[in-house]
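Work through the exercises below with the sequence and the structure open. Try each task before reading its solution.

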Amino acid sequence: MTGRLLAATLCIACLQFAPARAQEPAASAAATEATIPAATGQWTHAITLMGEPKYGPGFKHFDYADPAAPKGGLVRLGMQGGFDNFNMIVSGLKGDLEGGVLQLYDTLMTESSDEPFTSYGLLAEAVRVAPDLGSVSYRLRDNARWHDGKPITPEDVVWSYGVLKANSPFYAAYYQTVAKAEATGPHEVTFTFSEKGNRELPQVIGQLRVLPKHWWEGKDASGKPRNPTETTLEPPLGSGPYRLAKFEPGRSVTYTRVPDYWGKDLPVNVGRYNFDTERHEYFRDGTVLVEALKGDLYDFRSENIARNWATAYDDFPAVKEGRLIKEAFPERGMGIMQAFAFNTRRDKFKDPRVRRAFNLALNFEEMNKNLFYGLYKRIDSYFFGSELASSGLPEGQEKAILESVKDKIPASVFTTPYANPVNDTPDAVRKNLREAVGLLREAGYELRGGKMVNKATGEPLTVEFLEFQNAFERVILPFAAQLKLIGIDASMRVIDAAQYQNRIRDFDFDITTNGWGESLSPGNEQREFWGSAAADKPGSRNLIGIKDPGIDALIDKVIYAHDRAGVIAATKALDRVLLAHEYVVPQWSASEQRTLRWNRFGHPAVLPRYAGSGFPTTWWYDATRAAKTGAPR
């Protein structure tokens, strides 16, 4: 389940320097027997995939939210690139969506950030899951309102589901097994599934952002009918804690807190959304973002570049004086695969031996020493940093799952644990390069005049790394130099974010950097990441172009697992097979969220266990600190 961890937009900012996640302990014996306690046909305030919800029906607020948090002040967030769209319906297919628009819309349910598998009512005051998991119903709160005062209705929910599924590649994949949505009462909506036994599907539906049907079917200020299938820069009508107040296209957006927000007193919202104003400031690249932070042009930065974290701030006077705070927060809420991803739709990348040759040529050890200050570990799992990561050889339930699809997966998964090559000595480098050349020869290539060429056609093996920021140059150029040693000519092309989105949507690339964040409860989103049905859908997250019956079968094993132990076993099996196919050259990660902030803010004594710093949702403007630090510029 993606939940808060994945946006319904095409990910173009999954940097190779993104923080990794700390590993979770194994599930308890009691938890492994849990399914969905709410799947009894009874109305309940929450649903969970493990045990019982932490918070009972009468809870007052989340533990990581302070009900006494003051309201007011301004927070400015730095964004890279630009935007030309406020319509989330076509995000991932058209335009460049502004990063804060999603907060305009409330969802049916909302997740707790100190539990990995539990959703509580937001628009819905209660949820009812059919005992056979074949449907789910939500009972809407009768006081839920749009910002124009009109009630939020089951018809809004049904319309939102339909228009998102019809127009968004993400939602089309996410909701592919939802057969229909219908109003089943004055405040009730029911989703019926085309399958039964999918444990997480009720929670997946609960993440639906509900859009205003009457607004989208109306006319804009010029009298022109609105079109939900096109991009727009008209500020949309929302229902959430903030509204879009003003903007400069591609440069800045200001959101203001809604004082009479209908849901401000709900337990899931108490102590949250404390800033009166949230402003997004856009900058052209990562270097400018760093300097803009130093210039006090925005307030908070997650620093994903190791060199910057190690060298860019310590001599800065504001850091020495305590006005700009460097602080790292543990990351526990997800696993990650971030990697150089091959476009296997292109013939030259169809052979896994070719792809493995690229991995053998990557000298991570040298990069980590000279570029990353030793701050990173090499990723060796699609669920790196979580209990879902495979290791060693398969055993027990995981092995049984793999044997059930034995005729559809590489035989090596039973005999050879996945391992990245290690280039820690000159001898190791030479050995790995020789192995890479051998694999390329087996795949039909040979060296001619120092160039690796196709034996049959004579065509040189060349590659282009497609990126949207110059920061990638410092890692790609050393990689390209290693590739040149085995006769592969590699180049790098940096284009702006909008062009990059368009090319990625159309799968017009050789190799690009991408990241796939994974929650602690994977499920239906795996079809969008690796499933055959998503491979040829423009805008899908299956950038690699995977079409593999074994992987499709294992995705179903994850989705239809009966308990936590089954989820873990099936996910490890899927991980192991994805790794065996060598679809990517894994990159690197760490175990914390590294942040910098101007010292104008306070936060609760307890931070969310599974959301890093939790900034800015549960933080607040602290006038006393701000007076010492200086007013925002």
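## Exercises on a predicted model

**Exercise 1. Surface and charge.** State the accessible surface of the protein chain and the share that belongs to carbon and sulfur atoms. Then find how far apart the mean positions of the positive and negative charges are.

*Solution.* The model is predicted. Step 1: the accessible surface of the protein chain comes to about 23800 Å². Carbon and sulfur atoms hold 50% of that surface. Step 2: count the charges. There are 76 positive and 78 negative ones. Their mean positions lie 2 Å apart.

**Exercise 2. Overall form.** How many helices and strands does the protein chain have? Why can the chain be called as compact as a globular protein of its length?

*Solution.* Step 1: the protein chain has 18 helices and 25 strands. Step 2: take the radius of gyration, which is 25 Å. The globule rule gives 26 Å for 633 residues. The two values are close, so the protein chain is as compact as a globular protein of that length. Step 3: look at the extent. Along the principal axes, the C-alpha atoms fill a box of roughly 75 × 60 × 55 Å. Step 4: turn to burial and contacts. Buried residues account for 60% of the 633 residues. Of the contacts with a separation of 6 or more, 74% join residues 24 or more positions apart.

**Exercise 3. The nonpolar cores.** Which residues have the most contacts inside the largest nonpolar core? Which helix gives the largest share of this core?

*Solution.* Step 1: the largest nonpolar core has 73 residues. L108, Y138, Y175, F191, I205 and L211 have the most contacts inside it. Step 2: helix α2, residues 154–167, supplies the largest share of this core, with five residues. Beyond its neighbours within four places in sequence, Y175 is in contact with Y161, K165, V204, I205 and L208.

**Exercise 4. Backbone exceptions.** Which two residues does a cis peptide bond join? Is F507 buried or exposed? Is E582 buried or exposed?

*Solution.* Step 1: recall the background. Most residues other than glycine have a negative phi, and most peptide bonds are trans. Step 2: the cis bond joins F615 and P616, with omega about 0°. P616 sits in the loop between β24 (601–602) and β25 (620–621). Step 3: take F507. Its phi is positive, near 55°, and F507 is not a glycine. F507 falls in the loop between α14 (497–505) and β20 (511–519). The cut-off for buried is under 20% relative accessible area. F507 has 10%, so F507 is buried. Step 4: take E582. This residue is not a glycine either, yet its phi is about 55°. E582 belongs to the loop between α17 (564–580) and β21 (584–586). Its relative accessibility is 10%, so E582 counts as buried.

**Exercise 5. Two loop residues.** Which residues does P70 touch beyond four places in sequence? Which does Y273 touch on the same terms?

*Solution.* P70 is in the loop between β1 (46–48) and β2 (74–80). With a relative accessible area of 38%, P70 is partly exposed. Step 2: list the contacts of P70. They are N274, W620 and Y621. Y273 is in the loop between β10 (252–257) and β11 (277–283). At 23% relative accessible area, Y273 is partly exposed. Step 4: list the contacts of Y273. They are K71, P241, Y242, R257 and T617. Step 5: check a distance. Y273 and W619 are 346 residues apart along the chain, and their C-alpha atoms are separated by 7.9 Å.

**Exercise 6. Two helix residues.** In which helix does G566 lie? In which does L439 lie?

*Solution.* Step 1: G566 is in helix α17. At 5% relative accessibility, G566 is buried. G566 touches Q397 and A561, leaving out residues up to four places away. Step 2: L439 is in helix α12, residues 426–442. Its relative accessibility is 15%, so L439 counts as buried. Beyond four places in sequence, L439 is in contact with R353, R356, A357 and L360. Step 3: read off the separations. G566 and I401 are 165 residues apart along the chain, with 9.4 Å between C-alpha atoms. L439 and P151 are 288 residues apart, with 63 Å between C-alpha atoms.

Conventions. Residues are numbered from 1 along each chain as its sequence is written. This is a predicted model: local features need pLDDT of at least 70, side-chain atom pairs count only at pLDDT 80 or more; totals for chains, interfaces and linings use all residues. Side-chain values use heavy atoms; hydrogens and water are left out. Helices (H or I, at least four residues) and strands (E, at least two) are DSSP runs, numbered from the N terminus. The radius of gyration is taken over C-alpha atoms; the globule rule is 2.2 Å times the number of residues to the power 0.38. Buried means under 20% relative accessible area, exposed over 50%, partly exposed in between (1.4 Å probe, protein chains only). Contact means heavy atoms within 4.5 Å. Accessible areas come from the Shrake-Rupley method with a 1.4 Å probe; for residues, only the protein chains shown count as cover. Lys and Arg count as positive and Asp and Glu as negative; His and the chain ends are not counted. The place of a charge is taken as NZ of Lys, CZ of Arg, CG of Asp or CD of Glu. A nonpolar core is a set of buried Ala, Val, Leu, Ile, Met, Phe, Trp, Tyr and Cys residues joined through side-chain atoms within 4.5 Å.
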